[in-house]
Amino acid sequence: MLAQRLVYEHAPRTISTPAEFHNASIEVLFFRLHESGTATNTTSENADSQMNKILMSEPVQLSAISLDTTSFTFCREEANAR
């Protein structure tokens, strides 16, 4: 995926698209920076270092679920009727 991120301190009235995006299907998103109530990325890490951090992290330990099915009765006809 080819992506570009442009941050403007003072946004112009018009914003031109880069040449490699001309005549292509694109998605444009506008966010206000430094506005309360919005999440901003305060780290200066690039995508590669963030991906390496995710891949090198320990897996999350999940707890097991135990179900008691001793009193469960299975009716094939009822299951097939649905």
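Helices (H or I, at least four residues) and strands (E, at least two) are DSSP runs, numbered from the N terminus; with that noted, I looked up Leu6 and found it in the segment before α1.

I keep in mind that this is a predicted model, in which local features need pLDDT of at least 70, side-chain atom pairs count only at pLDDT 80 or more, and totals for chains, interfaces and linings use all residues. Residues are numbered from 1 along each chain as its sequence is written, and side-chain values use heavy atoms, with hydrogens and water left out.

For the chain, I noted 2 helices and 0 strands. Of its 82 residues, 1% count as buried, where buried means under 20% relative accessible area, exposed over 50%, and partly exposed in between (1.4 Å probe, protein chains only).

Next I turned to Asn23, which lies in the segment before α1 (47-56). Asn23 is not a glycine, yet has a positive phi of about 60 degrees. Most residues other than glycine have a negative phi. I also recorded Asn23 as exposed, with a relative accessible area of 85%.

Then I looked up Ile26, which is likewise found in the segment before α1. Is Ile26 buried or partly exposed? Ile26 is partly exposed, because its relative accessible area is 43%. Leaving aside neighbours within four places in sequence, I found Ile26 in contact (heavy atoms within 4.5 Å) with Thr17 and Phe21. I also noted that Ile26 and Ala3 are 23 residues apart in sequence and 9.7 Å apart in space, C-alpha to C-alpha.
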